[in-house]
Amino acid sequence: MMEEEELEFVEELEAVLQLTPDVQLAIEQVFPSQDPLDRADFNAVEYINTLFPTEQVKEITRDIKQLDHAKRHLTTSITTLNHLHMLAGGVDSLEAMTRRRQYGEVANLLQGVMNVLEHFHKYMGIPQIRQLSERVKAAQTELGQQILADFEEAFPSQGTKRPGGPSNVLRDACQVANILDPRIKQEIIKKFIKQHLSEYLVLFQENQDVAWLDKIDRRYAWVKRQLVDYEEKYGRMFPREWYMAERIAVEFCHITRTELAKIMRTRAKEIEVKLLLFAIQRTTNFEGFLAKRFSGCTLTDGTLKKLESPPASTNPFLEDEPAAEMEELALEKGDLEQPKKPKAPDNPFHGIVSKCFEPHLYVYIESQDKNLGELIDRFVADFKAQGPPKPNTDEGGAVLPSCADLFVYYKKCMVQCSQLSTGEPMIALTTIFQKYLREYAWKILSGNLPKTTSSSGGLTISSLLKEKEGSEAAKFTLEELGLICSILSTAEYCLATTQQLEEKLKEKVDVSLIERINLTGEMDTFSTVISSSIQLLVQDLDAACDPALTAMSKMQWQNVEHVGDQSPYVTSVILHIKQNVPIIRDNLASTRKYFTQFCIKFANSFIPKFITHLFKCKPISMVGAEQVRSW
């Protein structure tokens, strides 16, 4: 050991004496020397070994080493004796103070005794040290039992004795409990909270009228009074880091969740949706109150879900709580993206009580099924009563207002349900959403696409195409063209918003259930409505041009003797195109890509048909050919 110390000393010395090459060169120039000690590559170990090649090195310093060891051992012995004296005196004082319940002095002394005792862990083989250690443990055990007895006397868990008020003795006892076995602190907390909430279990027993859901407010009012009472009477008795007020509130929540679950199982047939939503609303409000007052640091149930407040946007499924005016305006315009605002803080108490309502959410789901069915029926009735929307050539085809109403209602249902449960009820609600998305597409959109413009009724586009050659085909009116464009624009809005709905549902549902959220079929339905609308517009214009093409094919082109003005059939075709295309263009101003699709589909339909009728014009003279190409 000493040799290692000597080597370390030499290495440290060399490090100190090591000079940079520039400095060493300057020194040699000023003070030239042949002494080995002055050499730049001087090695102290080799130099010493050269001077003292035998063990006689060690013999010279042996006495010095012995003195150093003796000094070190003497210092250690004196320190240990001082610690032993402090330990012995501390144990005596600790036992005396414990008997006199001087908890204030005990708290400081006990921590010091325990710190000193740590120095004697390696000396536990000495009987006297072991005896002192056992006396400390005995004092700790006695303190724990004594403090628990003091709290039981002040706050009896049984009997009719009224709880005692706060006292300095109990306040100091809590400081001692912080140092003792953690189980003592836990037992104190458990006993106090149990005693503090004992009245609640009596007042709100299952057989009491006040225990039912319609009076759930009284439960939360009771605990709020208890929290105020605690702060006034006992707030300074317990250490702040015990978070006793929060622990009382959390235990109240656990008891309430259990009691409500039990009474709802017993009286399940009496639960109707208004009562259920009332109880849920009051409960979530109370959970919000807890989040404002407490941090949630005492919560240990990691299964409770946390509420997430989605960011703001004009789309119903990109904002949970938008301003009503902005929401309606955005839905009317079909805007889907807006700058997002920061998320609101999570509520660690969300679900701590309201989770008990989850098994009964089928009542809520059934209610939403009924409400949505009535909503769709109202949409159908309103459309019949009010008629198709007026064409809007300034801003494009208007989205049907019923579409916005439907998705706003969806949003409210989704947010409300996700606050109650992110499990199977969300899947059930998704199924309801799918059902009424399809019904909206069939009853409101496809069901209101015009079938004919003939006053005789009963005709369709397909029948128009089969009219006698040479007759003038019936065309959609201006209002009907606007209606088709409006339905097309509405279907496009529904398609985009349904995709947003699917994404939001996947965000809110449990991760294990995400794969069960799939609205692809409903999006395909709206795509079909869009395709049908475009096809109707194409067929209408195509059918309007048919009589002119038929007239062209029946002309005796071989008898044409001179080229005149534009042919009548050309005038007719151009007239129909000029009448329809601008109207469709203006009504699809907000959905330009579908106007482009209309143009492409019409061209793909009209050009082959024109070529077919052109071949029917044979025989044709040279002059006739010139007249045919006269557009």
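## Exercises on helix packing and a cavity

**Exercise 1.** Work out how helix α10 and helix α11 are arranged relative to each other, and which residues join them.

Solution. Helix α10 (residues 216-234) packs against helix α11 (residues 244-266) at an angle of about 160 degrees, and their axes lie 10 Å apart. The model is predicted, with local features needing pLDDT of at least 70 and side-chain atom pairs pLDDT 80 or more, while totals for chains, interfaces and linings use all residues. Residues are numbered from 1 along each chain as its sequence is written, and side-chain values use heavy atoms, leaving out hydrogens and water. Helices here are DSSP runs (H or I, at least four residues), numbered from the N terminus, and axes are lines fitted to C-alpha atoms over the stretch in contact, with angles from 0 to 180 degrees between N-to-C directions. Angles over 145 degrees count as roughly antiparallel, and α10 and α11 are therefore roughly antiparallel to each other. Next, take contact as heavy atoms within 4.5 Å: among the residues that meet are W222 and Y230 in α10, and F252 and L260 in α11. The residues of this contact divide into 12 nonpolar, 1 polar and 3 charged.

**Exercise 2.** Determine the relative direction of α16 and α18, and describe their contact.

Solution. Helix α16 (residues 424-445) and helix α18 (residues 478-508) pack at about 175 degrees, with axes 12 Å apart. The two helices, α16 and α18, are therefore roughly antiparallel to each other. Their contact includes F433 and Y440 of α16, together with C494 and L501 of α18. By class, the residues of the contact of α16 with α18 are 10 nonpolar, 3 polar and 1 charged.

**Exercise 3.** Identify the residues that line the largest cavity, and the element giving the largest share.

Solution. The structure holds 1 cavity of 30 Å³ or more, and about 30 Å³ of space lies in the largest cavity. The lining of the largest cavity consists of F151, E152, F155, I188, K191 and F192. Two or more residues of that lining come from each of α6 (127-154) and α8 (182-196), and α8 gives the largest share, 3 residues.

Note on methods. Parallel < 35°, antiparallel > 145°, perpendicular 65-115°, else oblique. Nonpolar A, V, L, I, M, F, W, Y, C, P; charged D, E, K, R; others polar. 1 Å grid on protein atoms, 1.4 Å probe; cavity = no way out; pocket = protein on both sides within 12 Å on 5 of 7 lines; lining within 4 Å. Points joined across faces, edges and corners; volume = space filled by probe spheres on them.
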